[in-house]
Amino acid sequence: MSADLLTRAVEAFNNRRYVDSVALTAEGLKGAVGRDELFWMGLHEAAVGFELVMAKQPRKGEQKMIEAMEKLRHFGYRYGNIEVTSVLAGLRRGIEEIRSVESGQKKMFDTTLLPQIKLSGSADER
């Protein structure tokens, strides 16, 4: 797994440049095999999910977030220098926020709740 590409994808995601993050995770997915492929696919779907929310397509975004969670939950605490648990928590919170808006409990998606992906200082744990 390309650490540089992963770092750039995370940086774009954390800076709410979801279009860039989608492109970078798609690039990572192209060259990935085995578990790395599933991991990149999960990151890609997470980025797509938040991109859709910001494009005012929350239902489609929620579906992508659910798909991302289904893939990333298999990676434990950390994988590829990413704290996977923080990604999963951010996805869960995003889904909860979408559902609150759709149920009428809230008027709009609170963008202050957009998650940050945490990079760990350790090498890959596979």
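1. Basis of the note. The model is predicted: local features need pLDDT of at least 70, side-chain atom pairs count only at pLDDT 80 or more, and totals for chains, interfaces and linings use all residues. Residues are numbered from 1 along each chain as its sequence is written, and side-chain values use heavy atoms, with hydrogens and water left out.

2. Helix α1. Helices (H or I, at least four residues) and strands (E, at least two) are DSSP runs, numbered from the N terminus. The expected span of a helix is 1.5 Å times one less than its number of residues. For the twelve residues of α1 this gives 16 Å, and the end C-alpha atoms are 16 Å apart, so the two values agree. Just after α1, R16 takes a positive phi of about 60 degrees.

3. The buried residues of α1. Buried means under 20% relative accessible area, exposed over 50%, and partly exposed in between (1.4 Å probe, protein chains only). In α1, the buried residues are L5, L6, A9, V10, A12, F13 and N14. They pack against α2, α3 and β2 (82-83). An α-helix has 3.6 residues a turn, so residues three or four places apart point the same way.

4. The largest nonpolar core. A nonpolar core is a set of buried Ala, Val, Leu, Ile, Met, Phe, Trp, Tyr and Cys residues joined through side-chain atoms within 4.5 Å. The largest one has 35 residues, of which F39, L72 and L91 touch the most other members. At least two residues of this core come from each of α1 (3-14), α2 (18-30), α3, α4 (58-72) and α5. The largest share, nine residues, is that of α3.

5. The surroundings of L72. Contact means heavy atoms within 4.5 Å. Leaving aside residues up to four places away in sequence, L72 touches F39, G42, L43, V84, V87, L88 and L91.

6. The largest pocket. On a 1 Å grid over the protein atoms alone, a cavity is a set of points where a 1.4 Å probe fits but cannot get out, and a pocket is an open set with protein on both sides within 12 Å along at least five of seven lines; lining residues have an atom within 4 Å of a point. Grid points are joined across faces, edges and corners, and a volume is the space filled by probe spheres set on the points. The largest pocket holds about 230 Å³ of space. Its lining consists of V53, M54, K56, P58, I98, V101, E102, M108, F109 and T111.

7. The largest cavity. Two cavities of 30 Å³ or more are found in the whole structure. The largest has a volume of about 40 Å³ and is lined by A9, V10, F13, S21, T25, L43 and I117. Two or more lining residues come from α1 and from α2, and α1 gives the most, with three.

8. The second largest cavity. Its volume is about 30 Å³, and F13, A46, F50, V87, G90, L91, P115 and I117 line it. Here α3 and α5 each supply at least two lining residues; the largest share, three residues, comes from α5.
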